[in-house]
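Please keep the sequence and the structure in view while reading.

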Amino acid sequence: PLLPFFNRIVAFSLLLFKLNFQMSRKSTLDSSLTSLKALISAGDLEGVKAILEGDDGRKAASTALNTSDWYPIHEACDIGELDIAVELVQYGADVNEQDDLWQTPLMLAMSRGYAEVAKALIGLGADCEAVDSDGWSIPCHAASGGDIRALRLLVEHNVSFARSTETNYGKNMLQLPISGASNSAEVLRFLVANGVNIHHRD
């Protein structure tokens, strides 16, 4: 009669050990994610590498930083940290990861005017045909960023501006807010020259 009781004790002990181990791993991962976010924000490439080379490195690279599905690669591309973004991809980050607004790292790089980051992302396989939850295409984000180099990059990769004329709300790309008033006229001329319909109405 003692054997079944002993077996139950052993099984219960193993279950507790497993739960404690899982909680410990989660705590370690949470700590890694907090550190990773801070290091990315500070532009600390060596610090980021140290996290990625640790036991939870690959997991941290592909785990959301918050409940908005904002991943480490979003954080890097949002502030133009090219080398960190590339490093994250090498450790398993998805170059086409979407946040809760369906924004990809490429969209963030384009809308912030980080042409070099955008070029690297495309080289790593970023989808140039992606659309966010508001219907903004990659060309829409590039136009909004106001960086003519980013727009030329899309032309080099045969991205159609004619098919990206409208957002879901019917706004023409020419009606989008463009960062950097100094080059807005050049951006508008570029969009028209590459197929955006100047006569479209919302």
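Which residue with a positive phi follows α5? That residue is G92, whose phi lies near 110°. The model discussed here is predicted.

Helix α5 spans residues 82-90. Within α5, the buried residues include I84, A85, E87, L88 and V89. The loop between α5 and α6 holds Q103. Q103 has a relative accessibility of 16% and therefore counts as buried, since the cut-off for a buried residue is under 20%. When residues up to four places away in sequence are set aside, Q103 touches H74, E97, Q98, L108, D132 and H141.

**The acidic residue D132**

One of the residues touched by Q103 is D132, which belongs to the loop between α7 (115-123) and α8 (138-145). D132 is buried, yet it forms no salt bridge. The nearest side chain of opposite charge is that of R112, at a distance of 9.6 Å. A polar atom of the D132 side chain does, however, lie 2.9 Å from the backbone nitrogen of D134. Apart from neighbours within four places in sequence, D132 is in contact with L101, W102, Q103, M107 and H141.

**The helices α6 and α8**

Two of the contacts of D132, M107 and H141, also take part in the meeting of two helices, M107 from α6 and H141 from α8. Two packed helices are described by the angle between their axes and the distance between the axes. Helix α6 comprises residues 105-112, and its axis lies 6 Å from that of α8, at an angle of about 30°. Angles under 35 degrees count as roughly parallel, so α6 is roughly parallel to α8. At this meeting, L106, M107, M110 and S111 of α6 face I138, H141, A142, S144 and G145 of α8.

Helix α8 is mostly covered, as eight of its eight residues are buried. These are I138, P139, C140, H141, A142, A143, S144 and G145. The elements that cover them include α6, α9 (148-156) and α10 (184-193). Just after α8 comes G146, which has a positive phi.

| Residue | Helix before it | Phi |
|---|---|---|
| G92 | α5 | positive, near 110° |

Technical notes:
Residues numbered from 1 in each chain as written. Predicted model: local features only at pLDDT ≥ 70, side-chain atom pairs only at ≥ 80, totals over all residues. Heavy atoms only, no water. Helix = DSSP H or I, 4+ residues; strand = E, 2+ residues; numbered from the N terminus. Buried < 20%, exposed > 50% of the residue type's maximum accessible area, 1.4 Å probe, protein only. Lys, Arg positive; Asp, Glu negative; His and termini not counted. Salt bridge = Lys/Arg side-chain N within 4 Å of Asp/Glu carboxyl O. Polar contact = N/O pair within 3.5 Å; in protein donor to acceptor, adjacent residues only side chain to side chain. Contact = heavy atoms within 4.5 Å. Axes fitted to C-alpha atoms, helices over the stretch in contact; angles between N-to-C directions. Parallel < 35°, antiparallel > 145°, perpendicular 65-115°, else oblique.
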